[in-house]
Amino acid sequence: MKSIRWKIIILCVAVILVPLFMLNRYTIETFDTFTRQNLEQQMKENAFIIGEQYKAALAPDGSIGKDKTAGFNEAMNTYSREIQTRIQLLSPSGMVLTDSSTNSEVKADLSQRHEVTEAMAGRMHASFKMTADRSYMYYYVARPVKKDNAVCGIAYLSRHTSPIVRTIRSIFTFQRTITIMAMLAAIVLASILAHTITSRLRKLTAATTAFARGSSELDVKVRGRDEVAELATSIKAMAEEIRRTNTYNREFISTVMHELKMPITAIKGAAELLEHGAINKETARDKFLSNIRFEAERMTRMVLELNALTKLDMEIPHSQKEKVDYCRCVSEIVERFETTLEPEHPQIKVSLPEKNISAMILPGRIEQVICNLLGNAVRYTPAGGSIEVTLTEGPDATVITSVRDNGCGISQSNLPKVFDRFFTTEPKDRPKDYGSGLGLAIAKTIVESHHGRIWVQSVPGQGATFSFTLPATNA
């Protein structure tokens, strides 16, 4: 059963029918038990009354006088009709003396019946027996009539349960009718509910299938404010994110192909010139081989940075951050960075707050960000210039790290693009220092993965200041 519609219908019908069936069974069984117990109690009380009347009608010799027999029998028959119960009076030996049923045999021997045997022994006893066709139940009560502590007779009552059975059958018929009506109502209501849900789900399925096959738009129109409508909204948001991601990936691949095309073209051109005789000229050979090596190294660096960039989104969210003394961490990063520089480099100063600041970070990744910003600052700052690394407390429990230089600065038109992938402000005639344009994009990804933000401020000719925030913690 794959359709959710039938699952909903069957579930609704089961939820209604099972409790209703259990309630019906409980009602009928409770009614049957109550009526039977009540009937048995009434028969015991009637047996007592009949026994007392019989005892009052006895003569001193233990028999009913002829003058009283007719009246006693008439009273017993009248009482039998009133209580709708067959009344038999038995002798102490179990022989029928009188019977309210006109079709019965007088003087019949009932001593072999279990309840009569118990009454002959002086004990009242009740029993029941099903009819041969199991349609009715017969109840029997035998009560000993005692005089001077001796059994002088037995009041024997019997009655079938046909009124109870008829009532139970009437109840059962009524409940069966109600059950059928409830089942039909459940099917109708469940069908409407299932159709309301599944029709919208089918629309979602059709729309998402079309979108997966290449449709430019996800046409999802689902009414309501329930979970299905929320699902539709989430699917639309997901589709929009997929569309943006696909667009970004296409643009990214296009940019990568363009960036790789340039060094490949340069390598191919240099190789062709060498094949056409330039290899025999020492000066030309050295120049072209140097160009090939430079472009190959540039491609290698670009591929490594691309690989690092694609891993960041998967690696950083699952990495365990560490709580560190951020001021000390930055000082050590700057010290390690200075050891990699040439002797003649701009002076780097570190300005730290008096208060220690702690932060939950990935130290290796934050070092990658700071070293990238310092590398750019060194590249654009003359040897006599200066670079300052400053830490300040920011709003909303953040720490701001700033790297300021007094180099050439960045033009206002390039400021919005400095964090774009493959964007660089270096001129093409500076092959020695020409970067891939991925460093700041990687730095931005790392900072944002730490729930921070990064930005730049610059005035052309007066240097640039790169700043980023990180969430601070209590020391």
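Which residue in strand 8 does Val324 stand opposite? Ala359. Before the details, some ground rules. This is a predicted model, where local features need pLDDT of at least 70, side-chain atom pairs count only at pLDDT 80 or more, and totals for chains, interfaces and linings use all residues. Residues are numbered from 1 along each chain as its sequence is written, and side-chain values use heavy atoms, leaving out hydrogens and water.

Strands first. Helices (H or I, at least four residues) and strands (E, at least two) are DSSP runs, numbered from the N terminus. Two strands pair if DSSP finds at least two bridges between them. Strand 6, residues 322-325, pairs with strand 8, residues 358-361. The sense is antiparallel, over four bridges. Strand 8 is also joined to strand 12, residues 464-473, by two bridges, again antiparallel. There, Ser358 has Thr473 as its bridge partner.

Next, helix 7, residues 326-338. The expected span is 1.5 Å times one less than the number of residues. For these 13 residues that gives 18 Å, and the end C-alpha atoms are 18 Å apart, so the two agree. Buried means under 20% relative accessible area, exposed over 50%, partly exposed in between, with a 1.4 Å probe and protein chains only. The buried residues of helix 7 include Tyr326, Cys327, Ile333 and Phe337.

Now charges. A salt bridge is a side-chain nitrogen of Lys or Arg within 4 Å of a carboxyl oxygen of Asp or Glu. The count is eight. Here are three of them.

Glu367 bridges to Arg336, with the closest N and O atoms 3.0 Å apart. Glu367 sits in helix 8, residues 363-380, and Arg336 in helix 7, so the pair ties together parts 31 residues apart in sequence. Arg336 is partly exposed, at 41%.

Glu388 meets Arg404 at 2.4 Å, N to O. That pair links strand 9, residues 386-394, with strand 10, residues 398-405. Both ends are partly exposed: Glu388 at 26%, Arg404 at 36%.

Glu118 and Arg123 meet at 2.8 Å. Glu118 is buried, at 18%, while Arg123 is partly exposed, at 45%.

Last, Arg159, in strand 5, residues 150-160. How far away is the nearest side chain of opposite charge? It is Glu45, 11 Å away. Arg159 is buried yet has no salt bridge. A polar atom of the Arg159 side chain does lie 3.4 Å from the backbone oxygen of Gln84. Contact means heavy atoms within 4.5 Å. Beyond four places in sequence, Arg159 touches residues including Leu39, Met43, Gln84 and Tyr138.

Technical notes: Lys, Arg positive; Asp, Glu negative; His and termini not counted. Polar contact = N/O pair within 3.5 Å; in protein donor to acceptor, adjacent residues only side chain to side chain.
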